[in-house]
Amino acid sequence: MHKERLDMLKRIQEVEFACIDLNLYLDTHPTDQRALMDYNAYTCQLMMLKRQYECQYGPLKNFGCSQSQYPWKWIDDPWPWEIEY
Amino acid sequence: MKEYECIHDNGYMQQNLEMLRYMLAKAYVPYQMYNMKYPLDKALMAGTLFPELVKPWPPYYYEDVVKK
């Protein structure tokens, strides 16, 4: 698999992890404005990264998160869990 | 020393209470503050975005902590 694709997936994982950790922090610190700003910035970044990845390489999830080109892209190899890093 | 109304009227209990006054431990949890964060690639490796949650406290497990 192309290094560029793997790098992109890695970056998505990193940003998504930052989002979920800030999610947990904000659950107990709902008025922390700096944390909220970072959460919003990372969330925005995450959505853009995913959109960019899916345009180039196909869907990350099977339904509900993004539209599919024709023909239906989800059944194309590799499945997300078959990707080797 | 606070006064107690003993259910069983004996000096033994009063003596025990007096001892407990000095022996009881108190637990506390410091309130987490968002002052620093790891670079995102380090955060994924460390399993947390927050350096203050990584043992040993301090110095932190990863040194290149980003000051906000």
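Trainee: Among contacts in chain B between residues at least 6 apart in sequence, what share joins residues at least 24 apart?

Mentor: That share is 36% in chain B, and please keep in mind throughout that we are looking at a predicted model.

Trainee: Which elements does chain B have, and in what order do they run?

Mentor: Chain B has 2 helices and 2 strands, and starting from the N terminus these elements follow the pattern α-β-α-β.

Trainee: How much of chain B is buried?

Mentor: Of the 68 residues in chain B, 10% are buried, and helix 1 of chain B is hardly covered, with a count of 0 buried residues among its 13.

Trainee: What about the span of helix 1 in chain B?

Mentor: Helix 1 of chain B, residues 11-23, reaches 19 Å from its first C-alpha to its last, which is close to the 18 Å expected at 1.5 Å a residue.

Trainee: Switching topic, how many residues of chain B are in contact with chain A?

Mentor: On the chain B side there are 8 residues, in contact with 11 residues of chain A, and the chain B side divides into 5 nonpolar, 1 polar and 2 charged residues.

Trainee: Which residues make up the largest nonpolar core?

Mentor: The largest nonpolar core has 12 residues drawn from chains A and B, among them Val15(A), Phe17(A), Tyr42(A), Tyr38(B), Ala43(B) and Phe50(B). Helix 1 (3-28) and helix 2 (33-57) of chain A, together with helix 2 (40-46) of chain B, each give two or more residues to this core, and helix 1 of chain A provides the largest share, at 5 residues. As background, nonpolar side chains tend to be buried together in soluble globular proteins.

Trainee: And which residues does Phe17(A) touch?

Mentor: Leaving aside residues up to four places away in sequence, Phe17(A) touches Ala43(B) and Leu44(B).

Trainee: Last one, on the backbone: which residues does a cis peptide bond join in chain A?

Mentor: One cis peptide bond joins Asp77(A) and Pro78(A), with omega about -10°, and the bond from Tyr70(A) to Pro71(A) is also cis, with omega near -10°. Pro71(A) is found in the segment after helix 2 of chain A, and Pro78(A) also lies in the segment after helix 2.

Note on methods:
Residues numbered from 1 in each chain as written. Chains lettered and ligands numbered in written order. Predicted model: local features only at pLDDT ≥ 70, side-chain atom pairs only at ≥ 80, totals over all residues. Helix = DSSP H or I, 4+ residues; strand = E, 2+ residues; numbered from the N terminus. Expected span 1.5 Å × (residues − 1). Buried ≥ 20, exposed ≤ 12 C-beta atoms within 10 Å, placed from the backbone. Contact = placed C-beta atoms within 7 Å. Nonpolar A, V, L, I, M, F, W, Y, C, P; charged D, E, K, R; others polar. Core = buried A, V, L, I, M, F, W, Y, C linked by C-beta atoms within 7 Å.
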